[in-house]
Amino acid sequence: MRGIFTRRFSALFIFTAVSLSAAGQDMGLATRMSLDEVIDSARMRSVSALSAKASFVSSYWAYRSYRASRLPSLNFYGTLASFDRSLRLLQNYETGEMVYTSNYNMQNKLGLSIKQNITFTGGTLSLYSDLSRIDQFGGNAGNTYYAQPVTLYYEQPLLAYNRFKWEKKISPKEYERAKRTYMESMESVTIRAVKYYFDLMKAKLNYETARSNYSNTKQMCSVAAERMTLGSVTRDEYLQLELRMLNDSISINETAIRVKEAQMTLNSLLGYGEEFEIEPEVTERLPDVWMDYDLVLSKAMDNSSFLLGNEIKMLNAESDIARAKANRGASVSLNARFGLSNSNEKFRETYKGLLDQEVVGITFSIPIFDWGLGKGRVKNAQAKAAVVKAEVAQAEQDYRRSIYTAVGQFNNQRQQCMVSERASRIARERYSLMMEKFRSGKASVTDLNTAQSENDSAVSRYVTDLSNFWNYYYTLRQLTLYDFIRNRNLDVDFLELIK
């Protein structure tokens, strides 16, 4: 199959290439770009590509934040020069009398802490060490140190929603989905580039076809005028041909506008200025690829973001149910602190004769009657989960059907391209023969016009079929993230993206 489409279709563009070279002198020299070059440029320069990259980078740092939350965090904390000179209302513990007491001091505190979230239990473990100093002013001037060299603190919610456990299930899948979504977004950019590229090719072909038709019809008008004097062409037929020539001249202006519009659309996608002109190249060959539905479906299920998205939806629904159940019942929390501490007026003495400190306690809240509020929240979450499950099942069926349709369209389109390419050659040859017959008086004006219209339609249809072929191919690549030409999964250097 190599080269078959180039050899057959190049003849259709011989006149186009010559005309575009001449037209390029008016609008600037056109830059020849292949389909692959346009795709590469779109994936590098388009706003959509930059937006996809920014979205992935955002997801990457969200995942990095999740990973960081699973690691120990080291914090340096403190209070410096906290000066307080005020009156405070205090109660005398012996008499119960409420009196205002002068407060005149300054506090300083420095500490270092390590904190670790425990994913399995949902608790938080902290280890810290700090030193405080209070400077008292006024009549009882002096200073006091308070040291906690080592203190271990643990907080454990009981019968509560474990946020850490659900984040561990969901966050890695969300990051993996972000990577696949990025690749799918880039394939969307590719599909747009293919469409705009062939839109430009078709617009330029129609423009040059209009110019060629005008030139040919003008010549046929001259022939018809001579034959009309001989009586072999009627006045009505001559006027019909002259009208066709006028319509061809109008078509030149209309198609020229469409060329400019198509060029500006493609330039906008590629990030080029309006003055930049691209001359599309004829596709060298169509790849010898036949899509197998089972293979395409398998690659789509393994590589695309579709299944991951459904899994994340189900996990979020289950997480909501777990949260509703935890918030419905009793709230119980265990708090425990163990360590060493001491207080002294002298700094060195503060760290001698350290005293043990153990603080353990359980706090709880048990609803006696909540008018069914908690039960309602659970039922609501369960109902939403049931809807999500049904939507996921329906989406999977639709997804399989869309893949089946895409496979059928691609396989049929390859055959369609071969048929339309042959039809374009036949129509062009028939148009040439019909012009020769008209010159010799063996064809009517109606026959000539019909042959010209069929030729125009056949050539335009072939370019449309080529566009559809590549659109279907890259749509399948987007669905599967698989390169069927090179027989390998699509790959992206994600570390390079975040630099």
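Ala81 is exposed, at a relative accessible area of 51%, where exposed means over 50%, buried means under 20% and partly exposed lies in between (1.4 Å probe, protein chains only). The model is predicted, so to speak of a local feature takes a pLDDT of at least 70, side-chain atom pairs count only at pLDDT 80 or more, and totals for chains, interfaces and linings use all residues. Numbering runs from 1 along each chain as its sequence is written, and side-chain values rest on heavy atoms, with hydrogens and water left out.

Back to Ala81: this residue is found in strand 2, and its phi is positive, about 50°, although it is not a glycine. Helices (H or I, at least four residues) and strands (E, at least two) are DSSP runs here, numbered from the N terminus. Most residues other than glycine have a negative phi. Asn487 is another residue other than glycine with a positive phi, near 55°. Asn487 sits in the loop between strand 9 (482–483) and strand 10 (488–489), and with a relative accessible area of 56% it counts as exposed. Helix 11 itself covers residues 445–480, 36 residues in all, and reaches 53 Å from its first C-alpha to its last, close to the 52 Å expected at 1.5 Å a residue; the expected span is 1.5 Å times one less than the number of residues.

A nonpolar patch with about 1100 Å² of accessible area together includes Leu74, Phe76, Leu80, Leu110, Phe338 and Val360. Strand 2 (73–91), strand 3 (98–117), strand 4 (124–136) and strand 5 (142–158) are the elements giving two or more residues to that nonpolar patch. Patches are built from residues with over 30% relative accessible area and no salt bridge, joining like charges within 9 Å and nonpolar side chains (Val, Leu, Ile, Met, Phe, Trp, Tyr) within 5 Å. The areas come from the Shrake-Rupley method with a 1.4 Å probe, and for residues only the protein chains shown count as cover. As one of the patch members, Leu110 lies in strand 3 and is partly exposed at 41% relative accessible area.

There is a positive patch as well, formed by Lys325, Arg328, Lys375 and Lys379. Lys and Arg count as positive and Asp and Glu as negative, with His and the chain ends not counted; each charge is placed at NZ of Lys, CZ of Arg, CG of Asp or CD of Glu. Helix 8 (306–328) and helix 10 (373–439) each supply at least two residues of this positive patch. Arg328 belongs to helix 8 and, at 38% relative accessibility, is partly exposed. Helix 8 has 23 residues and reaches 33 Å from first C-alpha to last, close to the 33 Å expected at 1.5 Å a residue. Its buried residues include Phe306, Leu308, Gly309, Ile312 and Leu315.

Searching the whole structure turns up 24 salt bridges, a salt bridge being a side-chain nitrogen of Lys or Arg within 4 Å of a carboxyl oxygen of Asp or Glu.

Arg43 forms a salt bridge with Glu187, with the closest N and O atoms 3.1 Å apart. Arg43 lies in helix 3 (residues 35–45) and Glu187 in helix 5 (residues 163–230), so the pair ties together parts 144 residues apart in sequence. Arg43 is partly exposed at 25% relative accessible area, whereas Glu187 is buried at 1%. Both belong to a network of salt bridges that links Arg43, Glu187, Arg477, Asp483 and Arg486.

Within helix 5, Arg211 and Glu208 are three residues apart, about one turn of the helix, and form a salt bridge at 3.8 Å between the closest N and O atoms. Arg211 is partly exposed at 29% relative accessible area, while Glu208 counts as buried at 1%. Lys204 also lies in helix 5 and is buried at 3% relative accessibility. Lys204 and Val459 are 255 residues apart in sequence and 12 Å apart in space, C-alpha to C-alpha.
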